[in-house]
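Q: Pick one residue, please, and look at it closely. I'd like to know how it sits in its surroundings, and then how the rest of the chain looks around it.

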Amino acid sequence: KTAKARAAAAAAAAATKEQMHVSSASAGRRTSTRKRSASSSNDDDSVSAEEAQRKAVKRKEVDRATKIIGLDGRSRKKCSTEGCTNVAQNKGLCKRHGAQQKKCSIKGRVSYDRVIGRDGRSRKKCSAEGCTNAAQNKGLCKRHGGIYRCSSEGCNNHAIEGGVCARHGAKMKVCSSEGCTTIAVKGGVCVKHGAILKRCSSKGCTNIAKKGGVCIKHGAKKKLCSSDGCTNGAVNGGVCWRHGAKKKLCSSEGCTNKVQRGGVCMKHGAKVKKCRREGCPNKVVSRGVYMKHGAKSKRCSIEWCTNYARKGGVCQRHGAERKLCRAEGCTNQTQSGGVCKRHRKK
């Protein structure tokens with residue numbers, strides 16, 4: 001019996017050993033398959049990350065070509081017209097190149113025409129007939145009376161900040177260059193210290209662009225005086241100085257001179273920039289100096305002519321029109337107020 005029991009115990013021990021060996025082998029196989037699957041998943045992740053980077057680069061290139069950052073800081077679609085950098089408003093076009101404006105579709109309500117502003121937002125159109133400007137105040141644009149006036153008594157200047165004009169305390173940004181007191185135009189600096197302004201797109205022209213990317217000389221439309229037969233530019237109220245445009249007069253009592261600077265005329269203390277050359281009492285023409293000391297001014301476009309251009313790029317000798325005195329029978333040139341020196345004294 002003891003021999004049989006020993007043989008049975010040995011057989012049971014051998015069986016348990018075989019089971020242990022089989023289980024360890026299967027566990028090794030499982031770990032190896034797990035390692036293989038982990039390595040393959042890592043390879044897939046690296047490939048997918050590379051593809052994601054490529055796609056991101058392509059998206060950035062597309063965004064640079066087709067999108068632009070608006071005034072509000074958001075990226076918007078660029079106008080599809082070649083060379084145009086305006087924000088697209090409708091059907092891939094900007095307002096300038098034919099984007100149609102939507103009207104209110106609700107029946108029974110007054111449908112206000114909308115205008116797309118420079119910031120890309122829709123705004124109410126001026127209520128004046130035939131006007132396409134955006135309304136600023138009381139349903140009107142600046143041209144038709146929608147202007148915030150200075151709250152100081154007797155002041156008709158435009159309010160700039162805090163309900164007041166620059167004369168009554170509104171802060172104006174001054175050029176950041178040391179010692180410069182000129183008002184900043186763009187980028188915190190004045191034109192003299194690097195403020196970039198749009199120039200005329202015509203070849204060889206250095207004038208500032210007024211409208212449509214061109215200057216007045218090359219086709220920019222300017223508003224003319226509404227009086228019949230008058231070709232002067234409109235200054236105020238749709239008319240020129242000659243036909244009743246309101247002039248700001250000197251604030252000194254009894255003075256009828258025109259305001260030059262700071263609400264006063266030259267006689268009562270308006271500061272005028274003078275030539276920076278020592279001992280020169282003349283006014284500045286360009287670049288801080290007078291003509292005699294290097295101020296650049298346009299010359300007549302006719303070859304070999306050294307006269308200064310007066311109008312249309314030419315001098316009076318080569319066709320520049322000159323304004324004559326409005327007094328009957330007088331052929332003298334106007335000096336001030338539409339009359340010559342002779343009739344001004346009268």
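A: At 23% relative accessibility, H343 counts as partly exposed; the label covers the range between buried (under 20% relative accessible area) and exposed (over 50%), using a 1.4 Å probe and protein chains only. Before going on, this is a predicted model, so local features need a pLDDT of at least 70, side-chain atom pairs count only at pLDDT 80 or more, and totals for chains, interfaces and linings use all residues. Residues are numbered from 1 along each chain as its sequence is written, and side-chain values use heavy atoms, with hydrogens and water left out.

H343 belongs to helix α2. Helices here are DSSP runs of H or I with at least four residues, strands are runs of E with at least two, and both are numbered from the N terminus. Setting aside residues up to four places away in sequence, H343 touches C325, A327 and C330, where a contact is a pair of heavy atoms within 4.5 Å.

Zooming out, the protein chain has 2 helices and 4 strands, arranged along the sequence as α-β-β-β-β-α. Buried residues make up 19% of its 346 residues. Of the contacts between residues at least 6 apart in sequence, 6% join residues at least 24 apart. The chain exposes about 27,600 Å², with 49% of that coming from carbon and sulfur atoms; areas are Shrake-Rupley values with a 1.4 Å probe, and for residues only the protein chains shown count as cover.

Now for the loop that leads up to that helix, between β4 (122-124) and α2 (341-345), where W304 is found. W304 has a phi near 70 degrees, a positive value in a residue other than glycine. W304 is also exposed, because its relative accessible area is 65%.

R199 is in the loop between β4 and α2 too, and at 45% relative accessible area R199 is partly exposed. Beyond its neighbours within four places in sequence, R199 is in contact with T206, N207, I208, A209 and G213. Take A209 from that list: R199 and A209 are 10 residues apart in sequence, and their C-alpha atoms are 4.9 Å apart.

C280, in the loop between β4 and α2, counts as buried because its relative accessibility is 13%. Its contacts outside four places in sequence are C275, Y290 and H293. C280 and Y290 are 10 residues apart in sequence, with 8.4 Å from C-alpha to C-alpha.

N232 sits in the loop between β4 and α2 as well. It's buried, with a relative accessible area of 18%, and its contacts outside four places in sequence are K223, L224, C225, C240 and K323.

Next, the cysteines. A search of the whole structure turns up 0 disulfides, taking a disulfide as a pair of cysteine sulfur atoms within 2.5 Å. C165, for one, is in no disulfide; the nearest cysteine sulfur belongs to C150 and is 3.7 Å away. C165 counts as buried because its relative accessibility is 3%. C205 isn't in a disulfide either, and the nearest cysteine sulfur to it, that of C215, is 3.8 Å away. C205 is buried as well, at 15% relative accessibility.

C150 and C165 turn up again around N157, which touches Y148, R149, C150, C165, R167 and K248 once residues up to four places away in sequence are left out. N157 is in the loop between β4 and α2, and counts as buried because its relative accessibility is 16%.

That brings us to the second largest pocket, which holds about 1,400 Å³ of space. Its lining has 35 residues, and the closest to its centre are R149, N156, N157, H158 and K248. The lining divides into 12 nonpolar, 13 polar and 10 charged residues. For the record, a pocket is an open set of points on a 1 Å grid over the protein atoms alone, where a 1.4 Å probe fits and protein lies on both sides within 12 Å along at least five of seven lines; lining residues have an atom within 4 Å of a point. The volume is the space filled by probe spheres set on those points, joined across faces, edges and corners. In the lining tally, Asp, Glu, Lys and Arg are charged, Ala, Val, Leu, Ile, Met, Phe, Trp, Tyr, Cys and Pro are nonpolar, and the others, Gly among them, are polar.
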